[in-house]
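Here is a short report on one protein chain. Please keep the sequence and the model in view while reading.

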Amino acid sequence: QVQLVESGGGLVQAGGSLRLSCAASGRTFSTYNMGWFRQAPGREREFVVGNRWTGGSTYYADSVKGRFTISRDNAKNTVYLQMNSLKLEDTAIYYCAADDNPLSTRTLKYSTTYDYWGQGTQVTVSS
């Protein structure tokens, strides 16, 4: 069982930055594929970014490419989402997700790839 706890959300003005953190349990975090998703009011949950542990491949949604960056610190069992140049449309609850199968080749942009989810952290971008 993997537990994920997000933090770092808050209220920020458009153009500002935030860094989200997601702390994971488990002794094999370095072999987890990790992802960030978000869900805005009245909308479906959408993919933001995914990171594959093998080779460190990273995939971003077009809407955040060039503004958001995922990183991970395996020594701290933590994955981060640095969000810059925030826009009003980035307002959402942000969730981190983990796929703890080290042999997984599932596509990172699908929510069904991930077996574990955090509780979410609210990000609100104001004008």
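The report covers the sheet, the core, the disulfide, the aromatic pairs and a few single residues.

## The sheet

This is a predicted model. Four strands make up an open sheet, and their order is S1-S3-S8-S7. The pairing is antiparallel. Strand S1 (4-7) and strand S7 (68-73) are the edge strands. Each has a single partner strand, so one side of each is left without a neighbour in the sheet. On average, neighbouring strands of this sheet are turned by 15° against each other, direction ignored.

S7 pairs with strand S8 (residues 78-83) in the antiparallel sense, over six bridges. Ser 71 has Tyr 80 in S8 as its bridge partner.

## The nonpolar core

In soluble globular proteins, nonpolar side chains tend to be buried together. Here the largest nonpolar core has 33 residues. Which of them touch the most other members? They are Leu 4, Trp 36, Leu 81, Met 83 and Tyr 94. Several strands each supply at least two residues of this core: strand S3 (18-24), strand S4 (33-39), strand S5 (46-51), S7, S8, strand S9 (92-99) and strand S11 (121-126). S9 gives the most, with five residues.

Met 83 has contacts from several stretches of the chain. Leaving out residues up to four places away in sequence, Met 83 touches Gly 16, Ser 17, Leu 18, Leu 20, Arg 67, Phe 68, Tyr 94 and Val 123. Tyr 94 is also among the core residues that touch the most other members.

Met 34 lies in strand S4. Its relative accessibility is 0%, so Met 34 counts as buried. With residues up to four places away in sequence not counted, Met 34 touches Leu 4, Cys 22, Phe 29, Val 49, Gly 50, Asn 51, Ile 70, Arg 72, Val 79, Ala 97, Ala 98 and Tyr 114. Take Ile 70 from that list. Met 34 and Ile 70 are 36 residues apart in sequence, yet 9.4 Å apart in space, C-alpha to C-alpha.

## The disulfide

How many disulfides does the structure hold? There is one. Cys 22 and Cys 96 form it, with their sulfur atoms 1.9 Å apart. The torsion about the S-S bond is about 45°, so the disulfide is right-handed. Cys 22 is buried, with a relative accessible area of 0%. Cys 96 counts as buried too, at 0% relative accessibility. Cys 22 is also one of the residues that Met 34 touches.

## Aromatic pairs

A pair of aromatic rings is described by the distance of the centres and the angle of the planes. The structure holds five aromatic pairs. One of them joins Phe 37 and Phe 47 edge-to-face, at 5.6 Å centre to centre and 70° between the planes. Phe 37 is in strand S4 and Phe 47 in strand S5, 10 residues apart, and the pair links distant parts of the chain. Both residues, Phe 37 and Phe 47, are buried. Ring pairs join Phe 37, Phe 47, Tyr 114 and Trp 117 into a cluster. Tyr 114 is among the contacts of Met 34 as well.

## Loop residues

Most residues other than glycine have a negative phi. Asn 77 has a positive phi, near 55°. Ser 85 has a positive phi too, near 50°. Asn 77 sits in the loop between S7 and S8, and Ser 85 in the loop between S8 and S9.

Is Asn 77 buried or exposed? Asn 77 is buried, because its relative accessible area is 18% and the cut-off for buried is under 20%. Ser 85 is partly exposed, with a relative accessible area of 41%.

Thr 113 is in the loop between S9 and strand S10 (116-117). At 2% relative accessibility, Thr 113 counts as buried. Neighbours within four places in sequence aside, Thr 113 is in contact with Asp 99, Arg 106, Thr 107 and Leu 108.

The table collects the accessibility values.

| Residue | Relative accessible area | Class |
|---|---|---|
| Asn 77 | 18% | buried |
| Ser 85 | 41% | partly exposed |
| Met 34 | 0% | buried |
| Thr 113 | 2% | buried |
| Cys 22 | 0% | buried |
| Cys 96 | 0% | buried |

Notes:
Residues numbered from 1 in each chain as written. Predicted model: local features only at pLDDT ≥ 70, side-chain atom pairs only at ≥ 80, totals over all residues. Heavy atoms only, no water. Pairing = 2+ DSSP bridges. Axes fitted to C-alpha atoms, helices over the stretch in contact; angles between N-to-C directions. Core = buried A, V, L, I, M, F, W, Y, C linked by side-chain atoms within 4.5 Å. Buried < 20%, exposed > 50% of the residue type's maximum accessible area, 1.4 Å probe, protein only. Contact = heavy atoms within 4.5 Å. Disulfide = S-S within 2.5 Å. Phe/Tyr/Trp six-rings, centres within 6.5 Å; stacked < 30°, edge-to-face > 60°.
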